[in-house]
Amino acid sequence: MKSEEPLHLVIVGLGYVGLPMAVRAAQEGIRVTGLDLSQTLVDSVNAGRSHIGDVSDRMLGEALTNGLQATTDPVCIAEADAVIVCVPTPLADDGGPDLGAVRSAAWQIGQFVRPGTLVVLESTTYPGTTEEIFAPLVATKVPLEDLDIAFSPERVNPGDPFFGVKNTPKVVGGLTPRAADRAVAMYSRFIDRIVRTKGAAEAELAKLIENTFRHVNIALVNEMARLSHDLGIDLWDAIAAAETKPFGFMAFRPGPGVGGHCIPVDPAYLNYRVRARLGHSFRMVELAEEINHSAPMYVVARVQELLNLVGTPTIDARVLLLGVTYKPDVADLRETPAEPLADRLVELGCSVSYHDPFVPVWQRRTPGEWTTMTSVEDEYAAACEADVTILVTNHHSYDLKRLVGAAQLLFDTRGVIPPGDNVVRL
Ligand code: SAJ
């Protein structure tokens, strides 16, 4: 696809991956149609109102001026030269992959796609998905040999002030060399650097390596936190020292657990494939999952220890959680460890309250029912009232010095507050 040729690009799924990409491509003068299931979302996009933090209304307005249009009508696929699929791939209730959105998007494309169209899957998934599941559904009506199909993992880092669509290298792998050539040419029109892999499976695996790497290394330090506490060694201090090594080391730090839409999810997709195809588990991933999943319970155990030390039984102990999103300064609760943490504390009879500037109302699915809580107004006054305050997510808006002065007892799960008379670190 030569850069001077007109290109009509359809992007399926206008979420945190699809919308920034649609805006970026439109900035380069590409004709972009965004296809989404939600009429509300489509209307909002066409009205220039962005629902994605990394896309301002101004950026969206410029893209609309450049011809970006959003629609719920899949007939736009029939006019596309290229289609990029950016739909969610969450975990199913059994912990395995949920490819429902990928399947339905592929089938829908298959109803309208023209011969000669390039179709790229971006949703994170296990190696083999593009060839075995996505491509056959896209080729429902048009023979596969008349289509070009590729995989290119999304690498969006929500809230990242520096890396965006344009300057994040894009990995691309085709089911055929021709598909890879076309995908490289397409992405090159609006992304600075393209990295071509041997095939689609290598591109699928590259993404899983990136996030399994993080998952496993976070589990390593989460287990080291437990060992170091029992050994009476300050792990936070040791990590800070290790971090001075200028080569061959990347610091990870312990925490209350691993949340988000990527890190706790992607390794499970890899493990699923290994079990399904090879009949045994990916042991390192399963061990990391075991450690990271138990992190919230370890926090509870430590808090129980602290309450015992001050002679406060957990029954009716007033516990304040500070920061319930999965990481600082984002309003994202997906897989947040704050949920199992709060549930366990309630099970123990604690009176749990929370504060989070990004979460005015916190709804979470406790076993068998929904629990709805409202953030306390004044986190410092609440910390003064609580028997123990747990810093779960260290939003940068928190005045840590003020917090130390206010809290009766402060348990810091992020290692951002120096230990003191009333401050204990994970
Ligand atoms: N976490 C720790 N200790 C660490 C790092 C993270 O406990 O040392 C926890 C976080 O609190 C969070 C979870 O792990 O609950 C995931 O944190 P993350 O920093 O990996 O952030 P994510 O989930 O937003 O990961 C995304 C990923 N981006 C993509 O998949 C495109 C990841 O590949 C990026 O490396 C990461 O952002 C990033 O670097 O910010």
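## Terms and model

Contact here means that heavy atoms lie within 4.5 Å. The model is predicted.

## Helix α2

Helix α2 spans residues 39-46. Its buried residues are L41, V42, S44 and V45. These four sit on the same side of α2, because they cover an arc of only 165 degrees around the axis.

What covers this buried side? Several elements do, including α1 (18-27), α3 (57-65) and β3 (69-71).

After α2 comes G48. The phi of G48 is positive, near 80 degrees.

## The ligand site

How many residues surround the ligand? There are 18. The closest are N157, N211, R214, R253 and Y326.

Polar side-chain atoms from several of these residues face ligand oxygen. For N157, such an atom lies 2.7 Å from an oxygen atom of the ligand. N211 also places a polar side-chain atom 2.7 Å from a ligand oxygen. For R214, the distance from a polar side-chain atom to an oxygen atom of the ligand is 2.8 Å. On its own, the ligand has 730 Å² of accessible area, and the protein covers 83% of that.

Technical notes
Residues numbered from 1 in each chain as written. Predicted model: local features only at pLDDT ≥ 70, side-chain atom pairs only at ≥ 80, totals over all residues. Heavy atoms only, no water. Buried < 20%, exposed > 50% of the residue type's maximum accessible area, 1.4 Å probe, protein only. Helix = DSSP H or I, 4+ residues; strand = E, 2+ residues; numbered from the N terminus. Arc of directions from axis to C-beta. Near = heavy atom within 4 Å. Polar contact = N/O pair within 3.5 Å; in protein donor to acceptor, adjacent residues only side chain to side chain. Areas by Shrake-Rupley, 256 points an atom, 1.4 Å probe, with all protein chains shown as cover.
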